[in-house]
Amino acid sequence: MPGSDLDLVERDPNGLNAHLGTLHFNDVFGEPDGVHSIDCVWKLSAKCFDCWKLLTYNLLTIFYGICIAAEWGCEFAYIAFWHIWIISPFMKIFEINCGLCQRIYASCVNCCVVPWCEACGAIFHAFKR
């Protein structure tokens, strides 16, 4: 079954969203020297930030995560369908037609251009002597 081999510890093995995993209170807020709030306010603000970030993320994933995952699954299935049933066969037809055009072009060049080039070459070859 797809998804049965999911790693529940390392959930971003390819680092797709590594930039979000390190988002901490100090990455968002910073008080410069000379402008500091009371220590307990700063500590409680950091705890509230972490708590609400995690709580809000969990609530959003509970309410929307499955629906959004289903939508993206449908989207990628739609893309796969178009590639398998439309784009790849079209590209094969294009390759076949390009091969035919290549043969026609080569025949035209061999019939029209090659004799002219050989004639010019023969003229210049005569100057060589």
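The largest pocket holds about 870 Å³ of space, a pocket being an open set of points on a 1 Å grid over the protein atoms alone, where a 1.4 Å probe fits, with protein on both sides within 12 Å along at least five of seven lines. Its volume is the space filled by probe spheres set on the points. This is a predicted model, in which local features need pLDDT of at least 70 and side-chain atom pairs pLDDT 80 or more, while totals for chains, interfaces and linings use all residues. Residues are numbered from 1 along each chain, and side-chain values use heavy atoms, without hydrogens and water.

- H3 gives the most, with four residues.

**Annotated segment**
- The unreviewed UniProt entry annotates residues 62–85 as "transmembrane region"; such annotations may be inferred rather than shown by experiment.
- Residues 62–85 are 100% helix and 0% strand (DSSP runs of E, at least two residues), with the end C-alpha atoms 35 Å apart.

**Cysteines**
- There are zero disulfides in the structure, counted as pairs of cysteine sulfur atoms within 2.5 Å.
- Cys 51 has its nearest cysteine sulfur, in Cys 48, 6.9 Å away.
- The sulfur of Cys 98 lies 6.0 Å from that of Cys 101, too far for a bond.
- Cys 51, at 45% relative accessible area, is partly exposed (from 20% to 50%, 1.4 Å probe, protein chains only).
- Cys 98 is also partly exposed, at 36%.

Technical notes
On a 1 Å grid over the protein atoms alone, a cavity is a set of points where a 1.4 Å probe fits but cannot get out, and a pocket is an open set with protein on both sides within 12 Å along at least five of seven lines; lining residues have an atom within 4 Å of a point.
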